[in-house]
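This report covers the cavities, the chain contact and some backbone details. Keep the structure open while reading.

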Protein chains: 2
Amino acid sequence: MVRKATAQDVADLAGVSRSAVSLVLNGRAQGHIARDKQQAIIDAARQLNYTPNAVAVSLRNRRTRTIGVLTWSSPSGFSIPMLHATLKTTTAAGYLSIFMDTANDRDHQSQALATLRDHQVDALLVIAPDLIDYRPAEVMRTIPTTLVNCLDPSGGLTSVVADEHGAGSAAAGVLIEAGHTSLGVIAGPSDSMQSRLRLEGIEAAAAANRIGVSVQAVLNRDIDSGFAAARTLLSASEAPTALICTHERLAVGAVLAAANLGIAIPADLSLVSMDDGEQLASQLVPHLTTIERPDRAMAEQAVTATLQGVDEDDGGEIRQLTLNCSPAIRDSVARPQPPNRRPCPQADRR
Amino acid sequence: MVRKATAQDVADLAGVSRSAVSLVLNGRAQGHIARDKQQAIIDAARQLNYTPNAVAVSLRNRRTRTIGVLTWSSPSGFSIPMLHATLKTTTAAGYLSIFMDTANDRDHQSQALATLRDHQVDALLVIAPDLIDYRPAEVMRTIPTTLVNCLDPSGGLTSVVADEHGAGSAAAGVLIEAGHTSLGVIAGPSDSMQSRLRLEGIEAAAAANRIGVSVQAVLNRDIDSGFAAARTLLSASEAPTALICTHERLAVGAVLAAANLGIAIPADLSLVSMDDGEQLASQLVPHLTTIERPDRAMAEQAVTATLQGVDEDDGGEIRQLTLNCSPAIRDSVARPQPPNRRPCPQADRR
DNA sequence: CTGAAAGCGCTTACAG
DNA sequence: CTGAAAGCGCTTACAG
């Protein structure tokens, strides 16, 4: 293994001291070092293919230009767009991301955080897979930390979340505007804050428009649950003309159920999916109209906020950012058909 | 911000030298340090909540216990199970993973690799989103590197891939064993090595059993393409009784198409999906029988191999690991119906 | 305008 | 059995 060149090697080759090398290469040479020596240093550095050892720089500067990202597994997994955006934004800022994925309990998380602290990460990002209240760990008092998709009830930490209630209202709004007067909702488990807020948003918008809502709550946010709930909803005597699924995979199940029942989307049934984190809803047949949590923007804002915290030595201002979820109109919403043209669900052919 | 305790702080509190602290805390005290001093050091360390500064340790030991993971974006994105398994295995080995996601071109990749090298990662993992031949970069001659889902034609690097050809044969095998005598295949683009190998595997198994195969090649591995291809295949006068989709999202499209055509799975049509990386195929209605690329195992083997490379200073043995893809039998395969019971595809209700 | 020195926080030979 | 010293590779006051 070829040893990497050090500043000393460059200094030797250029015939100057190590300090001069550091000064020149860090752009603080003006008025300090003679022009010809500067050039010699630059040439030598290029010739030796020199780049500073980031570990040594980190030790010296007490800054690692590294951010720790804590995640933990959950049935809903984590969001790829958020991951991508985190990586992209940190890289653009000249930082490295160290990911730690743990089990969903305090002990494992503390351990992961201790490792991150030992490695002297400059800042921390906590990305929760599901919207929750998060009680900050001890280290977060000494390392700038930003919460993503979770809230610190004590208000001590900056957090970035989506306006889930508003998202629910927006979903209902799209359907109401299209002329629907009865809404079916397939909602995630009520012990999930996210599911609850979305449902409340839907119900608020419906109530404001004096529109009835029939809700099917499911235990899991998976395809099977969406399928079963949709069958129940669509087989009822007074089946709704429009459906909202509070989660992406529920929508996949609903689309499958509709197809099996011979119900055409959007001709016979309008459908709005919340979430498109897996780029599933938007790519289904037909492409679903969605209300999307702005995962990329959330990650960008969070990285920006947390890096701001490392530059301002007071840790930066504490804020709570709530991002809007906006509708992406695609092909799954139409005006409701007059009642007499509504289809008779066929026998199940599953 | 509270300063973290250093070894010096511990030494002061325990009334010993820094070296003694290091010795004791690294378990090399036996026969060197008096028992009571050892205890004093341990107590002091606990009291000050001391843990070594990993950056300093890295500089001193010239080992960062860190591995760099290079990925790049592609339409097919990257595999969450692989990601999870990478994280889990590195953590278990006491290493940290630094992820770098780049654009799919050599320049961006070189830059990312340079950053990783500057940060002195002990080893490198290259995770390709699609099976390709990968020409190693310069740094990989000096840092132990393992390729995942890609091959080094020059044979200089250890690589971990899946037996895609065998996977194709296995898929066909499941269907042939169930009694099917005509196979439809929805195959990914032929410029993809993975798609090509899978198709060849299918064709080889079919040929060995004197069974006809009708292939629909698609340009993109997305739901729309699977949908369109399935409609074509299933609307033909001699429609196959069984379908293989070489990729997960194609299978989603095929299931949707079948539902729209009133074709029941598995009663009227058997279906096998290759891949279940998104846990989509396995959770569809019905749950699809799949041949799965062993993403988790691939990542585990790769991490193990590359860390082996850092311990053996010759960089370790160079191997090419080809992992098997095994069938996961679920609910989408049945014996073919006698011809007279085959359904007439209904008019399209999409 | 430039070089020698100190120090970031560790570990490991080495001298006593 | 223990402590003082050197050194990992850098940067930044500081003295000249």
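A cavity here is a set of grid points where a 1.4 Å probe fits but cannot get out. The model is predicted.

**Cavities**

A search of the whole structure finds eight cavities of 30 Å³ or more. The largest cavity has a volume of about 190 Å³. Its lining is made up of 14 residues. Which of them are closest to the centre? They are V55(A), H119(A), V55(B), T66(B) and H119(B). Helix 4 (54-61) of chain A supplies at least two residues of this lining, and helix 4 (54-61) of chain B also supplies at least two. By class, the lining of the largest cavity has six nonpolar and eight polar residues. It has no charged residues.

**Contact between the chains**

The area buried between chain A and chain B is about 5100 Å². Carbon and sulfur atoms give 65% of that area.

Polar links also cross the interface. Between chain A and chain B, 14 residue pairs are in polar contact, counting pairs with both residues at pLDDT 80 or more.

Two salt bridges are found across the interface of chain A and chain B. One pairs K4(A) with D118(B). Their closest N and O atoms are 3.8 Å apart.

**Backbone details**

| Cis peptide bond | Omega |
|---|---|
| V285(A) to P286(A) | about -5° |
| I265(B) to P266(B) | near 5° |

Where do the prolines of these bonds lie? P286(A) is in the loop between strand 9 (270-274) and strand 10 (289-292) of chain A. P266(B) is in the loop between helix 10 (248-260) and strand 9 (270-274) of chain B.

One further residue concerns phi. N49(B) is not a glycine, yet its phi is positive, at about 60°. N49(B) sits in the loop between helix 3 (35-48) and helix 4 of chain B. That helix 4 also supplies at least two residues of the lining of the largest cavity.

Technical notes: Residues numbered from 1 in each chain as written. Chains lettered and ligands numbered in written order. Predicted model: local features only at pLDDT ≥ 70, side-chain atom pairs only at ≥ 80, totals over all residues. Heavy atoms only, no water. 1 Å grid on protein atoms, 1.4 Å probe; cavity = no way out; pocket = protein on both sides within 12 Å on 5 of 7 lines; lining within 4 Å. Points joined across faces, edges and corners; volume = space filled by probe spheres on them. Helix = DSSP H or I, 4+ residues; strand = E, 2+ residues; numbered from the N terminus. Nonpolar A, V, L, I, M, F, W, Y, C, P; charged D, E, K, R; others polar. Buried area = accessible area lost by both parts, 1.4 Å probe. Salt bridge = Lys/Arg side-chain N within 4 Å of Asp/Glu carboxyl O. Polar contact = N/O pair within 3.5 Å; in protein donor to acceptor, adjacent residues only side chain to side chain.
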